[in-house]
Amino acid sequence: MAIPSNSPSRISQQDHDGITALTLGIWEKLRGQRIFLAGGTGFFGCWLLESFLHANRSLRLGASITALTRSPERFRQRAPHLAADPAVELVAGDIRSFPFPAGSFEYVIHAATDTSAGAAAHPIELFTSIVDGTRRVLDFAASHGTRELLFVSSGAVYGSQDPVVTHIPETNLGGPDWLRPQAAYGEGKRAAELMCVLHAREKGIACKIARCFAFVGPYLPLDAHFAIGNFIRDAINGSPIRIHGDGTPMRSYLYAADLAAWLWTLLLQGQSGEAYNVGSDQALSILDLAKAVETALQTPLEIQVARPPVVGAARSQYVPCVDKAKRDLGLKVFIDLHEAIRRTAAWHGFRHEPPSNLRSAR
């Protein structure tokens, strides 16, 4: 995901405090350690860097992080405060063929996957980049003294969620329809998860898997294929919020500060060979999401729905059950959706000035 060029480029102290509250006691394992982060410059990567660097400074961990990126120079321009931190080293390379940095790296996070609409238009390239990139990261971990590895997977591994299942658990054994090109992303992640488990067994590396769903927060682009980002953009611009479908699909959104806390907790406290859903279990329809943006930002706007729902049609759902993460790791949703929307819009420079000529369509 691209970082908006006009952003303040720093998360707030409020967000740092929230992450600290959720991660008390976990950071000591990283004292004096080296971490390798594949995918260090996207949405996930920036939040992992922000949260790590804050903990590293405030707790005086003396740790360092090496982040793989396709373009260090572009990242330095977009997030100079991250790139300039003395605890950060940027390594240029493709996830499938990057040069191995020297030395030992006790901890590895593999969060490198292109989730853009452009990548989905080339399913062969997308599938092979996930599988070959994961193989490269695992080979790196096996040869550089890695003890624990976190693989950032996706809820796409479950395929289409059964309409009668409101929250999909890790025990669900469904999957994408592998005869459809649209399955390239989900099937790639499924294959990569298996590779991690096999590697853990054969190489003795503790591999943990995060199955990630949908998120919102600073660093989320507002001009990509993410509905919540598009809705926030529309509200900021004072234009109608446009829903391209019928507004009935059910989704949930975890705030990025919670996401960062969950991912660090999975790396440092998760069980090897286990998968954990990462996301919010507070579901709402896309139409209700548009209304939530309008309410959170206090912008009375018209909400335009492209077409009416088909009577009797099954409703699309993409909502995780996160009971395992809550029960086994003590994780929770810290920031509610309205506050998440407000913080995201504020990071993009939004200041509330209610338009006087527009009326909400309820």
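**Exercise 1. Determine which residues of helix 12 are buried, and what covers them.**

In this predicted model, helix 12 spans residues 337-347, and its buried residues are Leu337, Ala340, Ile341, Arg343, Thr344, Ala345 and Trp347.

**Exercise 2. Classify the packing of helix 1 against helix 2 from the angle between them.**

Two packed helices are described by the angle between their axes and by the distance between those axes. For helix 1 and helix 2 (residues 43-58), the angle is about 75 degrees and the axes are 10 Å apart. The range for a roughly perpendicular pair is 65 to 115 degrees, and helix 1 and helix 2 are therefore roughly perpendicular to each other. On the side of helix 1 the contact involves Gln13, Asp15, His16, Ile19 and Thr20, which meet Trp47, Glu50, Ser51 and His54 of helix 2. Sorted by class, this contact of helix 1 with helix 2 holds five polar, two nonpolar and two charged residues.

**Exercise 3. Carry out the corresponding analysis for helix 6 and helix 7.**

The axes of helix 6 (residues 123-143) and helix 7 (residues 184-203) come within 9 Å, and they cross at roughly 15 degrees. Because angles under 35 degrees count as roughly parallel, helix 6 is roughly parallel to helix 7. Among the residues making the contact are Leu126, Phe127, Ile130 and Leu138 of helix 6, and Tyr185, Ala191, Met195 and His199 of helix 7. The residues of this contact of helix 6 with helix 7 comprise 13 nonpolar, three polar and five charged.

**Exercise 4. Decide whether Asp85 is buried or exposed, and identify the polar partners of its side chain.**

Asp85 is located in the loop between helix 4 (80-83) and strand 3 (88-92). Its relative accessibility is 12%, and because buried means under 20%, Asp85 counts as buried. The side chain of Asp85 forms a polar contact of 3.0 Å with the side chain of Arg57, and a polar atom of the Asp85 side chain lies 2.8 Å from the backbone nitrogen of Ala87. Once neighbours within four places in sequence are set aside, Asp85 is in contact with Leu53 and Arg57.

Key: Residues are numbered from 1 along each chain as its sequence is written. This is a predicted model: local features need pLDDT of at least 70, side-chain atom pairs count only at pLDDT 80 or more; totals for chains, interfaces and linings use all residues. Side-chain values use heavy atoms; hydrogens and water are left out. Helices (H or I, at least four residues) and strands (E, at least two) are DSSP runs, numbered from the N terminus. Buried means under 20% relative accessible area, exposed over 50%, partly exposed in between (1.4 Å probe, protein chains only). A polar contact is a pair of N or O atoms within 3.5 Å; within protein, one must be able to donate a hydrogen and the other to accept it, and residues adjacent in sequence count only if both atoms are side-chain atoms. Contact means heavy atoms within 4.5 Å. Axes are lines fitted to C-alpha atoms, for helices over the stretch in contact, and angles run from 0 to 180 degrees between N-to-C directions. Angles under 35 degrees count as roughly parallel, over 145 as roughly antiparallel, 65 to 115 as roughly perpendicular and the rest as oblique. Ala, Val, Leu, Ile, Met, Phe, Trp, Tyr, Cys and Pro count as nonpolar, Asp, Glu, Lys and Arg as charged, and the others, Gly among them, as polar.
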